[in-house]
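Please open the model in your viewer and keep the selection panel at hand. The tour goes from stop to stop, saying each time what to select and what is there.

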Amino acid sequence: LYSILRHLQQMLSSVASIGGQNAVVQGLSSHEGLAKRQFFISSFYIFILASFLLSITILISADFIAAWIFAGEHASAIRWLIIPIVLGALLFFFRGVLTAEMEFGALSIVTMLTGLGAALVALPVGLVYARGNSNIMVLFLAVGPLLGLIAAFFYVRRQGYFKGIKAIVPTGATRGATVRFLRVALPSLLSLFLTLGSVLIVRSYILRLYGLEGAGQFDAAWSISAMYLALFLTSLQSYLLPELSKVGSGYELHLALAKAFHFALLISLPLICGLVVMKPLIVSVLFSHEFLPSLDVLRWVLIGDFVRVLGWVISTALVARADMKGFAMAEALWSMIFMSVSLWLLPYGL
């Protein structure tokens with residue numbers, strides 16, 4: 001249940017943030033002075049408006065979402081999910097600002113506090129859930145982003161943003177800055193919606209075929225893959241996205257990409273090979289022995305991780321160069337292939 005609610009929260013936070021933080025990073029990294037301030041204010045109010053509209057939509061359609069995913073159950077939890085969704089969207093925005101400013105120390109602290117917040121409430125949430133209150137799962141999803149958001153706001157303000165009312169009045173937003181933001185954000189939103197939406201459809205199908213236990217087995221394999229790669233790839237993207245937004249084209253761009261590919265391969269190959277060898281131990285430590293059947297899924301996920309590393313570098317370069325048509329096309333193609341093949345093969349086994 002937690003894995004499904006978490007995925008729903010991640011997807012809808014991405015929708016509320018109009019595609020995550022990439023557009024914020026790309027825009028702030030490629031502007032200076034007054035144009036940079038106008039872009040910041042414009043993108044901030046787009047985040048606020050999108051979060052408000054999405055919250056209203058979720059309140060109205062919670063019963064429909066619950067009927068589609070949970071066969072009519074947990075509609076109340078989906079309504080409460082609005083809180084972590086909005087917190088997650090704002091955290092995306094502040095992380096984007098810090099990434100554009102290349103404040104990697106601040107980013108690491110924000111990330112650690114986000115994880116710490118979830119860890120602090122994990123045991124109380126588990127105990128309350130064991131007494132039959134499934135809505136408590138939403139608290140698990142909200143506390144992490146809340147701690148991270150408070151820290152992120154502090155660091156963003158230290159960079160000169162949000163200092164005084166005049167710094168964030170809506171009149172500072174301009175049509176040109178809004179258009180520049182949406183030109184990168186909307187294709188990112190489309191690709192994220194396709195990617196996360198296709199995975200959500202697959203998770204929902206697994207839930208119907210194999211129940212919450214099957215959904216948990218799938219999530220264990222998927223989360224381990226995403227977690228160990230994120231340790232490396234998120235850090236690489238945090239550096240690569242603003243860096244590639246600034247470099248010129250031709251030889252300079254080719255040189256930067258070549259370094260990124262070499263570094264990605266040098267780090268990812270030992271990681272993947274190490275996980276192949278240690279995956280039974282890792283599953284037992286991070287989950288429990290009841291999740292050992294997820295190893296059948298994990299071995300296939302690991303094969304794809306090698307290609308995913310190279311794809312991550314390419315997609316980051318496309319976003320940095322604002323080539324959103326190519327980025328959206330690649331993401332859409334991946335989503336369609338993944339979803340269609342998964343729905344075809346799932347009836348034969350997880």
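In which helix does isoleucine 60 lie? Select isoleucine 60 and you will find that it belongs to helix α3; bear in mind throughout that what you are looking at is a predicted model. With a relative accessibility of 67%, isoleucine 60 counts as exposed, because that value is over the 50% cut-off.

Select residues 33-70 next, which make up helix α3, and look for its kink of about 65°, which is centred on serine 61. Moving on to the position just after α3, select alanine 71, whose phi is positive at about 55°. Histidine 74 comes next on the tour, and its place is in the loop between α3 and α4, the latter being residues 75-80. Histidine 74, although not a glycine, also has a positive phi, near 65°. Its relative accessible area is 21%, and histidine 74 is therefore classed as partly exposed.

Is tyrosine 155 buried or exposed? Tyrosine 155 has a relative accessible area of 14%, and so it counts as buried. Beyond the residues up to four places away in sequence, tyrosine 155 touches Leu98, Ala106, Ile109 and Val110.

**The pair α6 and α7**

Now select residues 104-130, helix α6, together with residues 137-158, helix α7, and turn the view until you can follow both axes, which are 7 Å apart and at an angle of about 155°. That angle is why α6 is described as roughly antiparallel to α7. The crossing of α6 past α7 is right-handed. To see the contact itself, show side chains on both helices: on α6 the residues involved include Ala106, Ile109, Val110, Leu113 and Gly117, while on α7 they include Phe140, Val143, Gly144, Leu147 and Tyr155. Sorted by class, this contact of α6 with α7 comprises 18 nonpolar and four polar residues, with no charged ones.

Stay on helix α7 and select alanine 142, which also lies there. Alanine 142 has a relative accessible area of 11% and is therefore buried. Leaving out residues up to four places away in sequence, alanine 142 touches Ile83, Pro84 and Leu87. A line from the C-alpha atom of alanine 142 to that of alanine 75, 67 residues apart along the chain, covers 17 Å.

**Two further single residues**

Select glutamine 9, which is found in helix α1, residues 2-16. A relative accessibility of 8% means that glutamine 9 counts as buried. Apart from its neighbours within four places in sequence, glutamine 9 is in contact with Leu81, Pro84, Ile85, Gly88 and Leu141.

Then go to methionine 102, in the loop between α5, residues 82-100, and α6. Methionine 102 is not a glycine, yet its phi is positive, at about 55°. With 26% relative accessibility, methionine 102 counts as partly exposed.

For the next stop, select residues 251-286, helix α9, and residues 295-320, helix α10, whose axes come within 10 Å and cross at roughly 165°. The angle makes α9 roughly antiparallel to α10, which is why their N-to-C directions deserve a look in the viewer. α9 and α10 make a right-handed crossing. Their contact contains 20 nonpolar residues, one polar residue and three charged residues.

For the last stop, select residues 175-246, helix α8, and residues 324-345, helix α11, which pack with their axes 8 Å apart at an angle of about 20°. Are these helices, α8 and α11, roughly parallel or antiparallel to each other? α8 and α11 are roughly parallel, because their angle of about 20° is under 35 degrees. Their crossing is left-handed. By class, the residues of the contact of α8 with α11 are 16 nonpolar, six polar and two charged.

How values were computed: Residues are numbered from 1 along each chain as its sequence is written. This is a predicted model: local features need pLDDT of at least 70, side-chain atom pairs count only at pLDDT 80 or more; totals for chains, interfaces and linings use all residues. Side-chain values use heavy atoms; hydrogens and water are left out. Axes are lines fitted to C-alpha atoms, for helices over the stretch in contact, and angles run from 0 to 180 degrees between N-to-C directions. Helices (H or I, at least four residues) and strands (E, at least two) are DSSP runs, numbered from the N terminus. Angles under 35 degrees count as roughly parallel, over 145 as roughly antiparallel, 65 to 115 as roughly perpendicular and the rest as oblique. A crossing is left-handed if the near helix is turned anticlockwise from the far one by less than a right angle, and right-handed if clockwise. Contact means heavy atoms within 4.5 Å. Ala, Val, Leu, Ile, Met, Phe, Trp, Tyr, Cys and Pro count as nonpolar, Asp, Glu, Lys and Arg as charged, and the others, Gly among them, as polar. The bend at a residue is the angle between axes fitted to the seven residues ending there and the seven starting there. Buried means under 20% relative accessible area, exposed over 50%, partly exposed in between (1.4 Å probe, protein chains only).
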